[in-house]
Amino acid sequence: MNTGDALYESYKKLGISGEVLDFSKTILKELESRFAEIDEIAEYNQMKVLQAMQKNKVSEMHLEGSTGYGYTDPGRDTLEAVYADVFHTEDALVRAQIACGTHALTVALFGNLRPGDELLSISGKPYDTLEGVIGIRPERGSLAEYGITYRQVDLKEDGSFDFEGIRKAVTPKTKVVAIQRSKGYLPRPSLSVASIGEAIRFVKSIRKDLIVMVDNCYGEFVDITEPSDFGADMVVGSLIKNPGGGLAPLGGYIAGTKECVGNASYRLMTPGLGKEVGASLGVNRSFYQGLFLAPTVTASALKGALFAAAIYEKLGYRVVPDSKEERNDIIQAVEFGFPEGVIAFCKGIQAAAPVDSYVVPEPWAMPGYDSDVIMAAGAFISGASIELSADGPIKPPYAVYFQGGLTWYHAKLGILKSLQMLLDGGYTKFK
Ligand SMILES: *Cc1c(COP(=O)(O)O)cnc(C)c1O
């Protein structure tokens with residue numbers, strides 16, 4: 001049997017029909033040039049990461065960790081130098097003590113804001129969990145409780161920055177300006193690095209000393225540049241998303257100016273101790289190896305997102321972004337318009353997982369959500385959304401949000417499986 005026939009056989013064993021596979025082939029044909037573009041970006045970023053590791057003379061001893069205070073941890077310190085070189089910043093804080101992306105952003109904000117200062121978001125409503133951190137939604141220990149005020153300038157209708165609005169919103173109190181690169185789970189386009197760069201230039205033209213912080217979650221390695229290449233004082237993200245490459249078991253990073261990163265380290269650890277403490281235990285190896293893999297893992301996730309967009313667009317559903325648009329993060333939204341679509345899609349993603357594939361996800365009333373939510377994830381690292389995962393609230397417009405995929409082939413299977421579920425349930429058909 002040749003490889004082509006063998007592939008049909010193996011997909012069949014995984015429950016994918018020849019019809020679905022044939023359909024995917026025509027779709028993939030149309031995506032060839034986009035895939036080549038994604039590969040080229042990954043190639044560039046692979047070289048960028050390698051160069052940073054070589055420049056900092058990463059050696060075997062750096063892969064080991066420290067215990068206790070972690071007063072000397074050359075592995076941790078060198079990794080931070082590598083991150084600083086990858087993001088072209090003066091310094092970086094890359095720590096297992098940072099619990100998640102929200103924590104990294106919290107540390108960056110609390111470290112650099114003082115009572116009486118104002119935080120200004122210029123990309124509209126921030127990510128859900130940050131509402132509690134800022135105090136938009138009252139929460140114990142929020143910035144608001146410490147006398148730090150907040151203002152927000154929404155993006156314009158077309159998703160671009162409202163420069164006039166920003167100029168008006170900057171006051172003598174404004175200290176940190178926040179920009180969120182990824183749309184997260186909002187119905188707005190994700191921001192390109194170029195447009196963020198333009199906004200940073202504008203903000204700095206109003207007042208040079210304004211600190212610009214970019215929530216870089218889901219955006220790392222999607223492009224050949226990062227917001228820090230355009231003057232962001234801090235870029236912040238989670239290691240169980242893109243930069244951890246699927247291997248980091250936890251953690252977060254803040255890369256930026258020496259001043260801002262130092263302030264953040266004093267908040268994460270203690271005033272005076274800062275970056276000097278914080279044992280890395282056993283995570284150094286996975287942080288290095290994960291960063292090494294991150295460009296190709298991000299490319300796999302991007303290919304999966306694009307593939308899903310092209311498939312469901314062809315079947316007549318609204319997809320955001322569509323298969324022609326530029327991509328600025330790894331998230332793909334598919335709007336089904338009916339609940340069964342969301343449920344079948346998530347069941348397909350779950351059934352394709354390497355872990356917990358036999359589990360059938362069901363919608364449930366998750367705390368903090370105003371409708372039932374269905375989630376699919378069968379990940380090696382709990383909750384890692386760089387791994388193939390999907391979720392959707394069971395409410396109009398019945399959209400599912402899909403992201404991740406450590407390998408392109410796995411992302412592909414997940415999407416084919418979702419399509420097969422929809423077809424088998426009679427919820428969709430080929431046009
Ligand atoms: C994931 C994410 C965060 C942080 O989320 P955690 O779940 O705390 O890691 C913040 N902002 C955006 C845009 C995100 O996508």
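**Entry 1: salt bridges.** My model is a predicted one. I need a definition before I count. A salt bridge is a side-chain nitrogen of Lys or Arg within 4 Å of a carboxyl oxygen of Asp or Glu. Side chains of opposite charge can pair when their charged atoms come close. How many salt bridges does the structure hold? I find 22.

**Entry 2: Asp77 and Arg76.** I looked up this pair next. Their side chains meet in a salt bridge, at 3.0 Å from N to O. Is Arg76 buried or exposed? Arg76 counts as buried because its relative accessibility is 2%, and buried means under 20%. Asp77 counts as partly exposed, at 38%.

**Entry 3: Glu131 and Arg137.** I noted a salt bridge here too, with the closest N and O atoms 3.8 Å apart. Glu131 has a relative accessible area of 13%, so I list Glu131 as buried. Arg137 is partly exposed, with 34%.

**Entry 4: Glu164 and Arg167.** These side chains form a salt bridge at 3.8 Å, N to O. Where do the two residues sit? Both belong to helix α7, residues 163-169. They are three residues apart in that helix, so about one helical turn separates them. Glu164 is partly exposed at 45% relative accessibility. Arg167 is partly exposed at 44%. I also wrote down a network: salt bridges with shared partners join Glu80, Asp91, Arg95, Lys258 and Lys275.

**Entry 5: the sheet.** I turned to the strands. Strands of a sheet pair through backbone hydrogen bonds, either parallel or antiparallel. In what order do the five strands of the open sheet run? I read β8-β9-β12-β11-β10, with antiparallel pairing. Which strands are at the edges? They are β8 (318-320) and β10 (373-377), and each pairs on one side only. Neighbouring strands of this sheet are turned by 15 degrees against each other on average, direction ignored.

Entry 6: I picked β11 (residues 389-393) and β12 (residues 399-403). They pair in the antiparallel sense over three bridges. Which residue of β12 stands opposite Ala390? I find Phe402 there.

**Entry 7: a helix on the sheet.** Last, I checked helix α10, residues 284-314. Which strands does α10 lie across? I noted β8, β9 (332-335) and β12. Helix α10 runs at about 15 degrees to β9.

Definitions and conventions. Residues numbered from 1 in each chain as written. Predicted model: local features only at pLDDT ≥ 70, side-chain atom pairs only at ≥ 80, totals over all residues. Heavy atoms only, no water. Buried < 20%, exposed > 50% of the residue type's maximum accessible area, 1.4 Å probe, protein only. Helix = DSSP H or I, 4+ residues; strand = E, 2+ residues; numbered from the N terminus. Pairing = 2+ DSSP bridges. Axes fitted to C-alpha atoms, helices over the stretch in contact; angles between N-to-C directions. Contact = heavy atoms within 4.5 Å.
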